Amino acid sequence: MTSTSPLIIACQWISRLAWLNLIWAILVVCGAGLFGIAPASIVICTLLRRFLNGNKVRMSDAWSEYKSVFLRASQLFMVVCLPLFSVTWYLHWMVLNGSNIGSVVSLAFVPVLAIASAWLFCCIINMSIYRTESIKDDLRNGLSLLFTEKKLVMICIAVLLCLLGLALTIPVLALIFGLTPLFTCAVAWLWHNKEELNTLEM
């Protein structure tokens, strides 16, 4: 067997995803939980693209990237993540403790929350690729990706549902790999379809 064996490549990527999930968890903790989710996710997407381009990745690279994107990611958190989490929590409370009418109205907002979550995901993917001058540009780029790459969004939704099913049936695997398969799917799709990402300066 050679280094290009499909089995070896598969094992390499399995170990990479587990390692990246560990890095993601560490960075989330460094960002005090919720505040660390966006920057940690951006870092993981950046490292995935480095792997796809054949570059080596070290923990020091992850930490340097984390520090460089933390401010931008914090702005994204304040503009999108915080309102999204707050509304989701409130709707969850309404469904459990509200009246029947309140529960129906709350459920009517589920599609809006789903679209907002997809927009947030697209913003994170784009922020791992491009450096912009303001958070407005990041939000605009995320919205553009959401509407121009509909097939990618649908594939990612399918992957997310599979990951949720895996978490319910085999929690250990979900704990080991987390959301890294979802990020890998999105980054690999764009890397394959946009030649500029193969040579874009890291």
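Axes here are lines fitted to C-alpha atoms, for helices over the stretch in contact, and the angle between two of them runs from 0 to 180 degrees between N-to-C directions. With that in mind, the legends below describe close-up views of a predicted model.

**View 1. Helix 1 and helix 9 pack against each other at an angle of about 110 degrees.** Helix 1 covers residues 6-30 and helix 9 covers residues 180-193, and their axes lie 9 Å apart. Because angles of 65 to 115 degrees count as roughly perpendicular, helix 1 and helix 9 are described as roughly perpendicular to each other. Where helix 1 passes helix 9, the crossing is right-handed. As background to this view, the protein has 10 helices and 0 strands, so that, read along the sequence, its pattern is α-α-α-α-α-α-α-α-α-α.

**View 2. Arg-131 and Glu-65 form a salt bridge that links distant parts of the chain.** The closest N and O atoms of Arg-131 and Glu-65 are 2.6 Å apart. Arg-131 sits in the loop between helix 5 and helix 6, whereas Glu-65 belongs to helix 3, and the two residues are 66 residues apart.

**View 3. Arg-58 and Asp-61 meet through their side chains in a salt bridge.** The N to O distance between Arg-58 and Asp-61 is 3.6 Å. Asp-61 has a relative accessible area of 16%, and because buried means under 20%, Asp-61 is classed as buried. The structure as a whole holds 5 salt bridges, and buried residues make up 38% of the 202 residues in the protein.

View 4. Arg-140 is exposed, with a relative accessible area of 52%, whereas Asp-137, at 22% relative accessibility, counts as partly exposed.

**View 5. A nonpolar patch on the surface is formed by Leu-34, Phe-35, Met-78, Val-79, Leu-82 and Phe-85.** Together, the residues of this patch have about 520 Å² of accessible area. Helix 2 (34-52) and helix 3 (59-97) are the elements that give two or more residues to the patch, and the largest share, 4 residues, comes from helix 3. One of the patch residues, Val-79, lies in helix 3, and at 44% relative accessibility Val-79 counts as partly exposed.

**View 6. Ala-32 has a positive phi, although the residue is not glycine.** The place of Ala-32 is in the loop between helix 1 and helix 2, and the phi of Ala-32 is near 65 degrees. Most residues other than glycine have a negative phi. Ala-32 has a relative accessibility of 60%, and because exposed means over 50%, Ala-32 counts as exposed.

**View 7. Cys-162 is found in helix 7, which comprises residues 150-169.** At 57% relative accessibility, Cys-162 counts as exposed. Cys-162 and Leu-182 are 20 residues apart along the chain, and a distance of 9.8 Å separates their C-alpha atoms.

Notes:
Residues numbered from 1 in each chain as written. Predicted model: local features only at pLDDT ≥ 70, side-chain atom pairs only at ≥ 80, totals over all residues. Heavy atoms only, no water. Patch = residues over 30% accessible without salt bridge, like charges linked within 9 Å, V, L, I, M, F, W, Y side chains within 5 Å. Areas by Shrake-Rupley, 256 points an atom, 1.4 Å probe, with all protein chains shown as cover. Salt bridge = Lys/Arg side-chain N within 4 Å of Asp/Glu carboxyl O. Buried < 20%, exposed > 50% of the residue type's maximum accessible area, 1.4 Å probe, protein only. Parallel < 35°, antiparallel > 145°, perpendicular 65-115°, else oblique. Left-handed = near helix turned anticlockwise from the far one by under 90°.
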